[in-house]
Amino acid sequence: MDDLQVSCAIRVTDLVVGFGRQVVLNELSLDVRRGEILGLVGASGGGKSVLMRTIIGLIPRRSGTIEVMGVPLGGAAERATQEAAARWGILFQQGALFSSLTVKQNVQFPLRENLQMSPALMDEIAIAKLEMVGLRAEDGDKFPAELSGGMTKRAALARALALDPAIVFLDEPTSGLDPISAGDFDALIKTLQRTLGLTVFMVTHDLASLNTVCDRVAALADGKIVAIGPMRDLLQSEHPWVRAYFHGKRSQMLQPKAS
Amino acid sequence: MRAHPGLTADATDEVLELRPSGSWVSLNVTELESLANSAIAKVGASKSVKLDLGAISEIDTVGAWLLERLSRRAAAGGRPVQMTGVAANYLGLVEEVRLVNRHEVEPAPKKNPVLARLTDLGRSSLGAAQDVVVFLEMLAALSFALLRTLRRPRSLRVTSLVYQMYRIGWQAIPIVMLITFLIGAIIAQQGIFHFRRFGAESYVVDMVGILVLRELGVLIVAIMVAGRSGSAYTAEIGSMKMREEIDALVTMGLDPVEVLILPRIVALILTLPILAFIGSMAALYGGGLVAQLYGGMGPAIFIARLHEAISVTHFEVGMLKAPFMALVIGIVACSEGLRVKGSAESLGQQTTTSVVKSIFLVIVLDGLFAVFFASIGM
């Protein structure tokens, strides 16, 4: 099971997820290729976060299969799920940093729980991660409550990257950031994706980040993926919801100038 | 399967050639660290170092950092380090790691232990003084809010008041009755057991009656309310503070003390005496039941003895204390709630402080009342 031979980082097939009588995801299928940045768009409350949380195992599914790096998740293979968990890092929307630990301890937490190494090395690696996401070593001794919004996102990203995951899930990474910080954060994701060879699964509403960093964009509507492909393909999609999303007033800046 | 990590070191003509191989990833970190450390020990004997990464099958930040640290150690001793054979797909990572940890973090200045101990002592005594100030501030804010409400009775939040009374009063009745019933029964049983030796069983009624009505009924109920409702107040107000709901109220020109705290404390002051009364009755019932089952004293005799033993004064002493205890519990709970800061930990800490402090103050208050009532002859 060599990782290099798997071309799909995540393969979701015929996924059905619902709560009570309401079906949120209806036979949804989606492939995320290795090493790409996939942006997922959809209406608010349309199931984007549900899809992400189902893939990472926080929400049970009714049927369908999910494969991560060629390993099917859930069911009897509890250990396989555990191993897969070390292969992904998750950036939650509000950061979800542990408020009782310092930033450095937050980054060290997955290292401490999963690996055995000397405290000195753990410190160095934590600081290395913090510097890679653009924080200073001094910020490591701060508590999450003392960080600004952009710094919280960066610290949370450093924690998500602590175990050098192959896949990173980002839930609205640029929401709540000013355009400059959001742009910096996009650039950071792109840089890290290149240097670390990450596969990035990004739920976002930020049209600018969809346009600049995402290799492919998937549109979720009516519980299915209705369109997937590079941004320019989606702009030409005929699906009514996708048209409304990308051709609304707020998305004028994305339109090709020549046409 | 992953390739086992390795590190071969060849020393020729004072050139140390290091060849790491296999998986240099975080899963193997324990092995990698000892490999890297043993290589660092060998660096000392050489004049220059060659690092050939050609045999590495995969590498991540941890592996790259260990090699970078190795080459930095060598370079620090004045030995030129040459790194070759980096696979194209890992080049970015290796370059990136070369930039990190360059900057020395200033260690926090060491503190004099004696001085630190003294500082802590000073801080905590100041904190205790501050607690008194916070308590008085809340009392003052509450009095002002009450005065304002008395001037404009329509501004009293009746819905909130009734809801709080329902929550902390009505819903607490079963547990209060159960516990005070048990306490009354236990006192009676112990009394009968020990008084029997002197043939003084009938005095158990005096003991149960006076103890329950004067002291225990109200004290037990106050402690239970502090644990049950005081903690809820602190947690509610604390999480409202965390989620900026209190700030939202202030910006709308409303006084949080008037809107949130006054109804809660008034509800507490109105319901605690009722709960204390119900609790005392349950305790007397428990005592009476044990007196019949264990001591063989019929209900008629028990009630007749109770008539002789206790006067209305005992009952008054107990009931008079209840509203003051409620006020203390309410003020402590609400002011601790307002002191919650951003983190979940602080919410827990403040809730604990609130319960501990209000139970402590309730018992201190009970002691003060005992002295007071004794000196005025009640």
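1. Two residues are in contact if their C-beta atoms, placed from the backbone, lie within 7 Å. Please keep in mind that this is a predicted model, in which local features need pLDDT of at least 70 and side-chain atom pairs count only at pLDDT 80 or more, while totals for chains, interfaces and linings use all residues. Residues are numbered from 1 along each chain as its sequence is written, and chains are lettered from A and ligands numbered from 1 in the order in which they are written.

2. Chain A has 9 helices and 10 strands. Here helices (H or I, at least four residues) and strands (E, at least two) are DSSP runs, numbered from the N terminus. Of the 259 residues in chain A, 41% are buried. A residue is buried if 20 or more other C-beta atoms lie within 10 Å of its own, exposed if 12 or fewer, and partly exposed in between, with C-beta atoms placed from the backbone.

3. Now for the sheet of 6 strands in chain A. This open sheet has mixed pairing and the order S6-S7-S8-S3-S9-S10. Its edge strands, S6 (88–91) and S10 (224–229) of chain A, each pair on one side only. Two strands pair if DSSP finds at least two bridges between them. From one strand to the next, the twist averages 20°. S6(A) and S7(A) (residues 167–171) are parallel partners over 4 bridges, and Ile90(A) stands opposite Phe169(A) in S7(A).

4. Chain A also has an open, antiparallel sheet of 4 strands, ordered S2-S1-S4-S5. S2 (22–33) and S5 (71–72) of chain A are at its edges with a single partner strand each, so one side of each has no neighbour in the sheet. S4(A) (residues 63–68) and S5(A) run antiparallel, joined by 2 bridges; Glu67(A) is opposite Pro72(A) in S5(A).

5. Do look at helix H1 (residues 48–55) of chain A, which packs on the sheet of point 3 and touches S3 (37–42), S7, S8 (199–203) and S9 (216–221) of chain A, its direction making about 145° with that of S8(A). H1(A) also lies across S1 (8–19), S2 and S4 of chain A, at about 115° to S1(A). Axes are lines fitted to C-alpha atoms, for helices over the stretch in contact, and angles run from 0 to 180 degrees between N-to-C directions.

6. Where the chains meet, the contact takes 23 residues from chain A and 24 residues from chain B. On the chain A side, H4 (119–132) and H6 (179–196) each supply at least two residues, and H4(A) gives the most, with 8 residues.

7. Over in chain B, helix H9 (residues 256–293) has 38 residues, which at 1.5 Å a residue should span 56 Å; its end C-alpha atoms are 53 Å apart, which agrees. The expected span is 1.5 Å times one less than the number of residues.

8. Finally, H12(B) is worth a visit. Its buried residues include Leu347(B), Ser354(B) and Phe369(B), and among what covers the buried residues of H12(B) are helix H7 (203–242) and helix H11 (312–338) of chain B. After H12(B) comes Gly377(B), with a positive phi near 75°.
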